[in-house]
Amino acid sequence: MNTDIHRLLDEAFAGVEMTPEAQDLKEEVRANLVARVDDLEASGIASGEAARRAIAELGDVRDLLEEADGAPQGAASVTPSARPAQYGYAALATRNRVRPKPGFVVRAVVWSVMIVVGVTLCTLGATGVLPLSAGPVIALLGLASTGLLLLVGDSLAQETTTNHPMPPYRAGGYGLASFLALYGLGWVGLVALQAVPIWCIVFAALGVIASIILFAFLGATQTNRHKAWTRVARDTMPPNRFDEHPEVAARFGIYTAVIWILTFVLIAVLVFTVGWWWAPVAFVGGLAAMLLLLARMLFGHSDDTSGDDTRRVDSGR
């Protein structure tokens, strides 16, 4: 167990009057810090550095105490919303900025080149532009899929300004899910281009289904990765329409699902009637319809005034 975190936490609370509320908050913070240190150590960070980084992300404990009390106490206890110069999003983002890592940039370029080269040569081989047999074409599809796996996994394992680095096993899981998705969809393309026998559609189905299952599992078990300063900044930002009207967000999700179901049905109809080259037209149409729907529902006039008034009454505003 990392013991540094307990020492650093005691130092952070030094000078704070330990009321029962403060003691409760300290124990809550301790539990969160221990979990955070475990995540950092799992990502390969040394024990002492993980403890120091977790404490640094915590910020000033007096701000946490004031937020827990809910009652300002003098100038030092002004809420973040009343101090935009210090707690505005731009100021917090600048203060918590993470410097780019040259090694990651180089790796990202290499993985991206693998994807572009693999997809390009695979497509040229499958369409007969390049004289490649099925084996090399499949190998090039594997090269592109591996590049996507490495790019996704490596990116999620990076610490960003607003998010904690994802543990390696979860980042690898998302990378594997991306690999399966691209590899499965690649098999669909090879079958459509008649570069491989039609029974190979089995491989496509296995890849896509495995990808969906893995993405669903990772999404369902995903925990909050946002840093403390991001949560503070979010409290100072005005809510958007989806936050104010959850029912509008729910309708947007349902409409989006309908749009994409109809789009995929239209793609299938076009592929089996006029040819696969018309499929991108249906995809672009579906994407445009979804974006127009998003703009309409996010920025359009609300028809939920009565519901909003009800919530205002309930909240006493």
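## Helices in the model

Helices here are DSSP runs of type H or I, at least four residues long, numbered from the N terminus. Val-113 lies in one of them, helix α7. The model is predicted. Its chain comes to 15 helices and 0 strands.

Of the 317 residues in the chain, 32% are buried. Among contacts with a separation of 6 or more, 69% join residues 24 or more positions apart.

## Helix α7 and its link to α8

Helix α7 covers residues 102-126. Val-113 of this helix has a relative accessible area of 45%. Buried means under 20% and exposed means over 50%, so Val-113 falls in between and is partly exposed. Its C-alpha atom is separated from that of Gly-147 by 7.9 Å.

How many salt bridges does a search of the whole structure find? The search finds 1. Arg-107 pairs with Asp-154, and their closest N and O atoms are 2.5 Å apart. Arg-107 sits in α7 and Asp-154 in α8, so the pair ties together parts that are 47 residues apart in sequence.

## The α8 and α9 pair

Helices α8 and α9 cross at roughly 155 degrees, and their axes come within 8 Å. Angles over 145 degrees count as roughly antiparallel, and α8 and α9 are therefore roughly antiparallel to each other. Their crossing is right-handed. From α8, the contact takes in Val-137, Ile-138, Leu-141, Gly-142, Ala-144, Ser-145, Thr-146, Leu-148, Leu-149, Val-152, Gly-153 and Leu-156. From α9, it takes in Ala-171, Tyr-174, Gly-175, Leu-176, Ser-178, Phe-179, Leu-182, Tyr-183, Gly-186, Trp-187 and Leu-190. By class, this contact has 16 nonpolar and 7 polar residues, with no charged ones.

Ser-178 is found in α9 and counts as buried, with 10% relative accessibility. Which residues does Ser-178 touch, not counting those up to four places away in sequence? They are Leu-148, Val-152 and Phe-215. Leu-148 and Val-152 also belong to the α8 side of the helix contact. Ser-155 lies in α8 and counts as partly exposed, at 30% relative accessibility. From C-alpha to C-alpha, Ser-155 and Gly-175 are 9.3 Å apart in space. In sequence they are 20 residues apart.

## Loops on either side of α9

Glu-159 is found in the loop between α8, residues 134-156, and α9. Is Glu-159 buried or exposed? Glu-159 is buried, with a relative accessible area of 15%. Leaving aside neighbours within four places in sequence, Glu-159 is in contact with Arg-53, Glu-57, Val-98, Lys-101, Pro-165 and Lys-227.

Gln-194 is found in the loop between α9, residues 168-192, and α10, residues 201-220. Phi of Gln-194 is near 60 degrees. That is a positive value in a residue other than glycine. Gln-194 is exposed, at 70% relative accessible area.

## The α13 and α14 pair

Helix α13 spans residues 246-273, and helix α14 spans residues 279-299. They pack at an angle of about 170 degrees, with their axes 9 Å apart. That makes α13 roughly antiparallel to α14. The crossing of α13 and α14 is right-handed.

On the α13 side, the contact is made by Val-248, Arg-251, Phe-252, Tyr-255, Thr-256, Ile-259, Trp-260, Thr-263, Leu-266, Ile-267, Leu-270 and Val-271. On the α14 side are Ala-279, Ala-282, Phe-283, Gly-286, Leu-287, Ala-289, Met-290, Leu-293, Leu-294 and Met-297. By class, this contact has 18 nonpolar, 3 polar and 1 charged.

How values were computed:
Residues numbered from 1 in each chain as written. Predicted model: local features only at pLDDT ≥ 70, side-chain atom pairs only at ≥ 80, totals over all residues. Heavy atoms only, no water. Helix = DSSP H or I, 4+ residues; strand = E, 2+ residues; numbered from the N terminus. Buried < 20%, exposed > 50% of the residue type's maximum accessible area, 1.4 Å probe, protein only. Axes fitted to C-alpha atoms, helices over the stretch in contact; angles between N-to-C directions. Parallel < 35°, antiparallel > 145°, perpendicular 65-115°, else oblique. Left-handed = near helix turned anticlockwise from the far one by under 90°. Contact = heavy atoms within 4.5 Å. Nonpolar A, V, L, I, M, F, W, Y, C, P; charged D, E, K, R; others polar. Salt bridge = Lys/Arg side-chain N within 4 Å of Asp/Glu carboxyl O.
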